[in-house]
Amino acid sequence: MNNFPRLPFGRFLSDRSGNFAMMFAATMVALLISGGIALDLSRAVKSQATSRNALDAAILATARQLSLGNIRTDEAHDFLVNYLEGTLGVTIGSGTEYYLANFSVDKDKEKISADLTRKLPLTLTALAGTSTKKITASSAALYGIPETEIVMTFDVTGSMRGSKIVDLKNAAAIGINELLDGAGSTDNRLRIAMVPYAEGVNAGPLYTTVFAESESTSGPPPADTDPTAAAAAAAADNCSTERKGPGQFTDDNPRKGKINRDFRLNSCPASPLVPLTAKKATLQNAVKAMTVGGGTGGHIGIQWAWYLISPKWADYVHKDSVAAAYGSDVRKFAIIMTDGEFNVAYEGVPKNKSQYRQAAKSMKKARKLCKNMKARGIEIFTIGFALNQRSAKNLLKDCSSPNTAEMTYYHEASTGGQLTQIYKDIATSIKQLRLVR
């Protein structure tokens, strides 16, 4: 015989009046429904996030195809649906669990937008009379590539001889193709300039802005309106060194002072700079023609990179190469590449001293130029190729813009393959399409 006392819960269940049993059953149903609602709410939140992520990715993919001209605007809807179906693994359409609504392509604003709605089947919440919950995700993106100006500096010094220059030419060519992919030669929304540099920069079509010294000078160069400048003979190699005097860290045009060609310059890059252009063939031919030799006056390359994307130089370049005003919607980028320490400088070096082994001066000048460029809204990428010197790496880090969640501005490459990938990655970053909702 069991002598254990009867528990209250047992008495509750054995109560014959029925009131407590009915109350218990009602409470259990309420608890089940509450639990079901909580479970369905969790599923709804997760589904909302999944749908939003999938739609964002699909909108960006469709926008990119529109930007590159791979699809027409009347094909965008089907491309978007196919992309979503592949991502989510479901059928999207009228009468299905998922369907697309409010799809539009605004050709004037170059904007694509859509809503993705899901009728989520509910579980225990259905006991409360609701069998589905409508979940909607919205997204939109600009599909036109915004106006962009890019200047690419290339180290063509003696240390780039051999396989390095081959790797650079290949990487640069691929980077230019990536940037101009889908754009015609008359589409000036994205333009690229080039500055090959060594001990100086070949000013090419801008040779008239250079003041060739016949003897050592220490003061600022004459303005292009000065009779002294007008009487000076142009250097046969069209080459320049850094500007001297107070204007050396500015983008002032030659009316404020021409660009010096120091009398100590020994060698000049055979490859001239290329002002802003959207013509892929012009840029690719310039890359193929690059040759190497000389020391590394990196700050001189940076100086000319600034001039080519400065609106102050509008009167000195062809109308198709005029840079946009600062503060406009046009984004400006500089890509600075080197394989070694900047070590050549002229300004501030006494005439009886060599321009070589001037790393401290060259790097100090480079840092100041980069700082002033960034202050004008120019975003700077830097690339160290097979770079071993810590001082050179630190300089490139200081020159580059701060990294963001979307953009990496400082890069290092050890091999030609890595260098190519960096140029491709930079091109993708620059052309990254933007979600606007």
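Colleague: Why is strand β11 (residues 331–338) largely enclosed by the rest of the structure?
Modeller: Seven of its eight residues are buried, so the rest of the structure largely encloses it. Buried means under 20% relative accessible area, exposed over 50%, partly exposed in between (1.4 Å probe, protein chains only). This is a predicted model: local features need pLDDT of at least 70 and side-chain atom pairs pLDDT 80 or more, while totals for chains, interfaces and linings use all residues. Residues are numbered from 1 along each chain as its sequence is written, and side-chain values use heavy atoms, leaving out hydrogens and water.

Colleague: Which way do β11 and β12 (residues 378–385) run, parallel or antiparallel?
Modeller: Parallel, with seven bridges joining them; strands pair if DSSP finds at least two bridges between them. I336 stands opposite T382 in β12.

Colleague: And what joins β4 (residues 148–155) to β11?
Modeller: Six bridges, and that pair also runs parallel. There, T148 faces R331 in β11.

Colleague: New topic: which residues of helix α6 (280–288) are buried?
Modeller: L283, Q284, A286 and V287. They sit on the same side of α6 because they cover an arc of only 160° around the axis, taken from the directions from the helix axis to the C-beta atoms. A281 and K288, on the other side, are exposed.

Colleague: What do the buried ones pack against?
Modeller: α4 (163–180), β5 (190–197) and β10 (274–277), where contact means heavy atoms within 4.5 Å.

Colleague: How many helices and strands does the protein have?
Modeller: Ten helices and 14 strands. They're DSSP runs numbered from the N terminus: helices are H or I with at least four residues, strands E with at least two.
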